[in-house]
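Morning, everyone. I have one structure to walk you through today. Let me put it up.

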Amino acid sequence: MLNPGDGITQEWFKRDLPDKIRLPGILQAQGYGDDISTNTPWVLTLGDAWWKLQPAELRDHFSRPGHVEVPFLAQPPKHYLGAAWYQRDIEIPKDWSGKRVVLFLERVHWKSTVWLDDTEIGSDISLSTPHEYETGIVARASRPFDENQKRTGETPVPLQIAPGKHRLTIRVDNRLQLPAMGHLVDSHSISDALGAAWNGIVGKIELRSTPPVWMEDLQIFADVSDKSAKLRLTIGNATGTNGSGKLTILYNHCYDLISKQMASLPQEILEIPIHWTTNGSLIEVNCRLPNVALWDEFHPVLHELHVLLAGDSVSDSRSPIFGLREITARDKDMLLNGRPLNLRMTHFGGDFPLTGYPAMDVETWKKIIQVCKAYGLNGMRFHSWCPPEVAFEAADELGFYLQPECGLWADFGNEPTREFLEAETARILKAYGNHPSFILLSPSNEPRNYQHFTPQWAATNFVKDNRRLYSADTGWGDPSQVNGLAQYAVLARFSAGSLRGPTGWFGRDYRTALENVHIPVLAHEVGQWCSYPDFDVIREFTGYLRPGNYDILKYIAEQQGVLDQDKVFAWASGRFQLECYKEEIEANLRTPGLSGFQLLDLHDYLGQGTALIGVLDAFWQNKGYLNGPEFRKFCGPVVPLARLTNRVFTTTEKFEVPVEIANFGENPLTNATTKWVVLDTGGRSVANGEFSRQTIPVGKNFALGTVSLDLTNLPAPRQYKLDVSVGDDVRSLKSSEGGKSEPPHVGSYKSYENNWNFWVYPAQVSTNAPSDVLVTRSWDEAKTRLAGGGKVLFLPTNANLDPAKCPPMKNVPIFWNIQMTVRPPQNPRPRFDAFLGLVCETNHPALAEFPTDVNCDWQWTRLVNNVRPVNLNTAPRELRPIVETIDDWNRDWRLGVIFECNVGTGRLMVSAINLDGDRNDSELLQLRRSVLDYMASDRFRPAITLTPEQVSALWAVAPRAAAAPARRFDPDLNDGSIPATTTNTP
């Protein structure tokens, strides 16, 4: 039954509840809860404000009763906040007499309270670990359950339970259990952003029995240096008397699922006498291991022990699985088993669109991890949540590193939240501490009021349990992050430098941010570069979450007349997104002392306004514009790197490119050869070379040599590709066409390949215009010539273009998403980045002398950056530009960069790029030449005719409205210490 109020006062636990529901499961998926409405109390603060600013006509279309959809998340079928009561009869077996009974609820959201018959057993508010309830000892003789027994914090004698039938009632309350300060409601453990505001119980729901003296906890601390393990055993005692017995430890076996090797060596390695008091006992023992294979990403060897507790009519056992590994820090380096570790992690917010709750089976997690590994990643960061144990088990078996967080996007300026963190940390370490994949732990994503609390939290917990490293938080750059208390940091920027973004691209790096840092650092939420949605993804939403956000975005595209371009927009923007991810990841790998990165995200993010930042869709599926092998070339354990500071050259310039390598593979590369080749677009070699053989150690910034190339004799204008391969016996270097990639092995040895596009233009390009073509920036001049049947290349000025309708293009795609930039009161209006790349008609003769693919690449970015395209919304939809901008998917304006049309008897070419300015950039001159040569030819015959009035309307500038207030700070880089009145735009 549902009760948004209390239910406890009404003593619902004493009555039989009438409704039916399936468990494990969540109630919103089974028809319970409230219909989605315009007043749904979404658990979030990010992304929803934008929708309130949209035209009433658009909002009304998606706000019909029973059919309400929103654009800022993929929504559940029902919404409910409050208490839900779950009840069933249970049978306590007679053969459990004298045993202790525990109720195990693997994952509950959020607060659970349990009654057995009419007696309250207790409550739990963990977001990260199972809720376990000690219900009592089964009486040895059947007798009624004593309703007068009371549960207190210090019950000396456990409750007695009669064998037979009992009523079990569980109240689950998914409302906030902590003060709603800061971004608590945006925590991925509880927020609607990715569907986590569910109510229910998932995973295992079990009644378990143990002896009255039992193994309460068993932690294993591996010692890599002497190949041993320390066992820390907590014994619980519910008998009320002292006791003694013996502890026997058997070594069962070890196995490696990647290499499919298993060694079965069952043998006894230790037997000792032990004693316990009425309160139990804590026992620590050291034991040598007969097998010393270590655990890491290349060989995730797992060991299994069998631990037996016997004595005084007590028998209990456990079979813990663990890995022999050690993670440490040495200045800026993170070390695993003594060797440098480079972490290539993705963010994961815990979205499971088909079920609505985290996968509770190992196989689903293995599939996700295998996808990540296919794209070169070796780890995962769980933003403000902690996954269930099956995720750790899958990562253990596949050699994958994990950083959970303690269920919070927290403001630590209040005592309840600080207390919750301390308790949740202890619960997480107890539940998952033995898993070798669990190498890092953070208290919170981007918290507030943390500086005097979480650094000490990191230091204290490292002393208690040094099997992993602890950060003071994930994201902020306060000096307390790196002052020596935390063992590692995750930073977007520090001191005067950034650790992500274009400042480190094109052969540069982020080293200035690390000058005064002496702990390992990971770059925070790297990437966030967007692509246009492929609306075919709507068909994948066959389960819990509904694609209302995509429905609205598709409707906008249809209304704006660009829906038929969805596929090409998605592909072209995706290829440009890929180039940006490549630059950012390579900059990270080039940066000395930087231990890796955490992407945001490998797959699309369904909430906070819908952020299409993944190279995979929300279901971890390929979007069609790249594959894993292509991504692994620049994101993998071994990556050749070129410090290519420019992508555009003339035939008289020098091509001098230092080449280095980041080697975080299994071993040094012994006697390796580096070969390079320059390929044209047909895959033909135009130049090649080879560096001397070297042994390449594990690490980064290892110089391989310099590619020197005389460009004088290269045909121009042309696009070329520099391809570098490192390995033994590299027998061929073939072009990678159509997204295909070389196999990982060439000959009989491993080879690692990476490549970079560049463009070569003639050093001398004629700037003369054909005599019959008028090149002008004056529309009056253009109209006169067109009226006389002439040919015009019109280059509109900013005065011709309405700034409210012709947003300037950028040299990078949209970052995260526009909806989340609306955050009243600081940012009351959206800040459109207005650029997802270009779509180029590659077969159009106007571009015949300007080499380009369909998508934007680096030969375009200097041409279009800060240039206003022409808004074509009022023009006939048949007018398709030769080069067009892909606009933000929340707006979908038709924006032309280069387009043509007939105007009466005249012929008009328009270029938003000023092809007649003072700049002498080689790509600008070449584009001008290509356009003018086309206009001089007989092929200049536009297919579309516009009236003079229709064309003139494109230059109509409306009266200027008041400018939107300046964005005073970047909310994603403000830890709460930056006042809203200051200016701080990173």
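The accessible surface of the protein is about 37,300 Å². Carbon and sulfur atoms hold 49% of that surface. Those areas come from the Shrake-Rupley method with a 1.4 Å probe, and for residues only the protein chains shown count as cover.

Some ground rules. This is a predicted model, where local features need pLDDT of at least 70, side-chain atom pairs count only at pLDDT 80 or more, and totals for chains, interfaces and linings use all residues. Residues are numbered from 1 along each chain as its sequence is written, and side-chain values use heavy atoms, with hydrogens and water left out.

Now the overall build. The protein has 13 helices and 51 strands. These are DSSP runs numbered from the N terminus: helices are H or I with at least four residues, strands are E with at least two. The radius of gyration is 32 Å, close to the 30 Å from the globule rule for 986 residues, so the protein is as compact as a globular protein of that length. That radius is taken over C-alpha atoms, and the rule is 2.2 Å times the number of residues to the power 0.38. Along the principal axes, the C-alpha atoms fill a box of roughly 110 × 70 × 45 Å.

How much of the protein is buried? Of the 986 residues, 60% are. Buried means under 20% relative accessible area, exposed means over 50%, and partly exposed lies in between, with a 1.4 Å probe and protein chains only. Next, contacts, meaning heavy atoms within 4.5 Å. Take those between residues at least 6 apart in sequence: 74% join residues at least 24 apart.

On to helix 4, residues 389-398. Buried residues account for 8 of its 10, so helix 4 is largely enclosed by the rest of the structure. Among them are Val390, Phe392 and Leu398. Asp396 and Glu397 are buried too. What do the buried residues of helix 4 pack against? Strand 15 (243-256), strand 18 (302-311), helix 3 (362-374), strand 26 (401-403) and helix 5. After helix 4 comes Gly399, with a positive phi near 70°.

Helix 5 spans residues 415-432 and contains Phe420. Phe420 is buried, at 4% relative accessible area. Leave out residues up to four places away in sequence, and Phe420 touches Trp110, Ile125, Leu127, Leu178, Cys406, Leu408 and Arg427. For scale, Phe420 and Gly636 lie 216 residues apart in sequence, and 38 Å apart in space, C-alpha to C-alpha.

Now strand 38, residues 669-680. Strand 38 is mostly covered, with 9 of its 12 residues buried. Strands pair if DSSP finds at least two bridges between them. Strand 38 pairs antiparallel with strand 39 (residues 685-696) over 8 bridges. There, Ala672 stands opposite Gln694. The two strands form a hairpin with 4 residues between them, and Gly683 in the turn has a positive phi of about 85°. Strand 38 also pairs antiparallel with strand 41 (residues 718-727), over 8 bridges. In that pairing, Lys675 has Ser725 as its bridge partner.

Leu335 stands opposite Pro340 in strand 23.
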